[in-house]
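Look at the sequence and the model that follow. The paragraphs after them go through helices, ring pairs, charged pairs, a cavity and a surface patch in turn.

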Amino acid sequence: MLIDARCPYCRALGRALEALDLGKGLKVEPLQEARDLPQEALLKELHVLEGERVYRGYAALLQLARRLPLLRPLYPLLLLGRVGGLGERLYQAWARRRPRA
């Protein structure tokens, strides 16, 4: 998972998800250190990398809820957010308002 190390919300999310990751398979890294992805795109939304797959924005949140056992109960609810694009719109509204350095 790539987070904006300059954003307090992003850092808090990263710490919270690491704490919820019982299997310790989640790796949270600053997007500022990513070399193979465009920084501009990384700054716009959350990115979760799994092998060759890249999940962005609301899809990244869905993937985290699917992968982390303690978040799995939220997964069906988050799937409902895909109906009519509501989850993506809410995610984008939050992403636009987060603090940036």
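Does Tyr-91 count as buried or exposed? At 5% relative accessibility, Tyr-91 counts as buried; the word buried stands for under 20% relative accessible area, exposed for over 50%, and partly exposed for what lies in between, with a 1.4 Å probe and protein chains only. The accessible areas themselves come from the Shrake-Rupley method with a 1.4 Å probe, and for residues only the protein chains shown count as cover.

This is a predicted model, in which local features need pLDDT of at least 70 and side-chain atom pairs count only at pLDDT 80 or more, while totals for chains, interfaces and linings use all residues. Residues are numbered from 1 along each chain as its sequence is written, and side-chain values use heavy atoms, with hydrogens and water left out.

Helices (H or I, at least four residues) and strands (E, at least two) are DSSP runs, numbered from the N terminus. A search of the whole structure gives one aromatic pair. In this pair the ring centres of Tyr-91 and Trp-94 are 5.8 Å apart and the planes stand at 50 degrees, so the pair is tilted. The rule pairs rings of Phe, Tyr and Trp (its six-membered ring) if their centres lie within 6.5 Å; planes under 30 degrees apart count as stacked, over 60 as edge-to-face, and the rest as tilted. Trp-94 is partly exposed, with a relative accessible area of 36%. Ala-93 also lies in helix H5, and at 22% relative accessibility Ala-93 counts as partly exposed. Ala-93 and Arg-53 are 40 residues apart in sequence, and their C-alpha atoms are 24 Å apart in space.

Next come the charged pairs. Side chains of opposite charge can pair when their charged atoms come close. A salt bridge here is a side-chain nitrogen of Lys or Arg within 4 Å of a carboxyl oxygen of Asp or Glu, and by this rule there are four salt bridges. One of them joins the side chains of Asp-4 and Arg-98 (2.9 Å, N to O). Asp-4 lies in the loop between E1 and H1 and Arg-98 in the segment after H5, so this pair ties together parts that are 94 residues apart in sequence. Both Asp-4 and Arg-98 are buried.

Another salt bridge is formed by the side chains of Glu-29 and Lys-27 (3.0 Å, N to O). Glu-29 counts as partly exposed at 31% relative accessibility, and Lys-27 as exposed at 57%. A further salt bridge links Lys-44 with Glu-40, where the closest N and O atoms are 3.9 Å apart. Lys-44 and Glu-40 are four residues apart in helix H2, about one turn of the helix. Glu-40 is exposed, with a relative accessible area of 59%.

Where is empty space left inside the protein? Rolling a probe the size of a water molecule over the atoms shows where empty space is left. On a 1 Å grid over the protein atoms alone, a cavity is a set of points where a 1.4 Å probe fits but cannot get out, and lining residues have an atom within 4 Å of a point. Grid points are joined across faces, edges and corners, and a volume is the space filled by probe spheres set on the points. The structure holds one cavity of 30 Å³ or more, and the largest cavity has a volume of about 120 Å³. Its lining has 16 residues, of which Asp-4, Cys-10, Glu-45, Leu-46 and Arg-98 lie nearest the centre. Strand E1 (2-3), helix H1 (8-20), helix H2 (39-44) and H5 each give two or more residues to this lining.

Last, the surface. Leu-74, Leu-77, Leu-80 and Val-83 form a nonpolar patch with about 420 Å² of accessible area together. Patches are made of residues with over 30% relative accessible area and no salt bridge; like charges are joined within 9 Å, and nonpolar side chains (Val, Leu, Ile, Met, Phe, Trp, Tyr) within 5 Å. Leu-77 is found in helix H4 (residues 75-80) and is exposed, with a relative accessible area of 56%.

How values were computed
1 Å grid on protein atoms, 1.4 Å probe; cavity = no way out; pocket = protein on both sides within 12 Å on 5 of 7 lines; lining within 4 Å.
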